[in-house]
Amino acid sequence: MKKGAQLAKRLSPSLSTILNLNASTHSLLSSSPWWSASQHRGVKVNAIHLRPGNVIEKSGRVYQIVESEHKQRGRGGALMQVELRDVDNGNKVSLRFGPEEPVERVFVEEKSFTCLYTEKNTAFLIEPETFDQLQVPLDLFGKSAAYLKEEMKVTLELYDGRPLTASVPKRVTCTIKETQTPMKGVSATPRYKKALLDNGVTVQVPPYLDTGEEIIISTEDDSYLGRAN
């Protein structure tokens with residue numbers, strides 16, 4: 001908690017008088033002003049336009065789409081095979097829709113936060129304008145959770161105030177912690193080599209890079225984008 005408090009002070013000089021980092025503030029802020037986010041229902045879309053991450057309402061239940069696949073049934077025509085996660089209980093179900101079948105889509109709120117720190121399987125975040133705090137499971141970030149660091153700007157998608165998904169910036173700066181030393185005078189050098197980053201992720205980098213260098217990485221596919229300025 002000392003770590004989070006120190007970072008909070010760096011984020012805002014006045015934060016120490018507004019924010020008290022204790023056990024009660026680490027709970028989900030169901031009483032905070034923005035936490036009662038309103039969602040917009042009644043927008044019909046054809047099932048063929050459904051994409052992973054979309055939120056829909058079906059038979060009185062609200063689901064988030066995990067996977068959507070267009071299938072051809074021969075003479076029976078085409079259909080959409082959709083894997084869904086129940087927002088309320090987390091259960092997964094599989095449903096079929098006709099490609100042109102209308103589905104009621106629910107729109108979610110997108111909100112920016114700053115990462116204070118991570119601890120075990122939890123990320124502790126702060127809303128930069130209101131200083132409200134929120135803790136979310138690292139699972140919401142998927143594999144990109146490895147790139148989380150202090151003061152990083154992240155984005156949450158919220159439904160009725162409940163975080164559904166979380167994402168980090170598409171490009172981040174990392175430091176090479178360990179890699180093979182560049183070989184001079186060798187004509188047939190490999191195009192890429194493995195490098196261990198300071199966050200524990202292993203990526204492929206050009207052979208001329210060395211330990212300690214800062215590089216830019218795509219968090220979408222862990223690919224090398226270039227040297228940091």
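The model is predicted, so local features need pLDDT of at least 70 and side-chain atom pairs count only at pLDDT 80 or more, while totals for chains, interfaces and linings use all residues. Residues are numbered from 1 along each chain as its sequence is written, and side-chain values use heavy atoms, with hydrogens and water left out. The protein has two helices and 16 strands; helices (H or I, at least four residues) and strands (E, at least two) are DSSP runs, numbered from the N terminus.

**Overall make-up**

- Of the 229 residues in the protein, 38% are buried; buried means under 20% relative accessible area, exposed over 50%, and partly exposed in between, with a 1.4 Å probe and protein chains only.
- The protein exposes about 13200 Å², and carbon and sulfur atoms supply 48% of that area. Accessible areas come from the Shrake-Rupley method with a 1.4 Å probe, and for residues only the protein chains shown count as cover.
- Among contacts with a separation of 6 or more, 50% are between residues 24 or more positions apart; a contact means heavy atoms within 4.5 Å.

**The five-stranded sheet**

- An open sheet is built from five strands in the order β14-β13-β12-β15-β16, with antiparallel pairing. Two strands pair if DSSP finds at least two bridges between them.
- The edges are taken by β14 (202-205) and β16 (224-227); each has a single partner strand, so one side of each is left without a neighbour in the sheet.
- On average, neighbouring strands of this sheet are turned by 50° against each other, direction ignored. The axes behind such angles are lines fitted to C-alpha atoms, for helices over the stretch in contact, and angles run from 0 to 180 degrees between N-to-C directions.
- Strand β13 (residues 193-197) runs antiparallel to β14 and is joined to β14 by four bridges.
- In this pairing, K193 stands opposite V205 in β14.

**Salt bridges**

- The whole structure contains eight salt bridges, each defined as a side-chain nitrogen of Lys or Arg within 4 Å of a carboxyl oxygen of Asp or Glu.
- One of them joins E101 and K58, at 3.9 Å from N to O. This pair links distant parts of the chain, 43 residues apart: E101 lies in the loop between β5 (92-97) and β6 (102-107), and K58 in strand β2 (residues 55-58).
- E101 is partly exposed at 29% relative accessibility, and K58 is partly exposed at 31%.
- R61 forms a salt bridge with D86, with the closest N and O atoms 2.9 Å apart. The two residues are 25 residues apart in the chain, R61 in strand β3 (residues 61-72) and D86 in strand β4 (residues 78-86).
- R61 is partly exposed, with a relative accessible area of 31%, whereas D86 is buried at 5% relative accessibility.
- R61 also meets D88 in a salt bridge, at 3.9 Å from N to O. Here the partners are 27 residues apart, with D88 in the loop between β4 and β5.
- D88 is partly exposed, at a relative accessible area of 47%.
- Through shared partners, salt bridges join R61, D86, D88 and R162 into one network.

**Aromatic pair**

- The structure holds one aromatic pair. Rings of Phe, Tyr and Trp (its six-membered ring) pair if their centres lie within 6.5 Å; planes under 30 degrees apart count as stacked, over 60 as edge-to-face and the rest as tilted.
- The ring centres of Y117 and F124 are 4.6 Å apart and the planes stand at 20°, so the pair is stacked.
- Both Y117 and F124 are buried.
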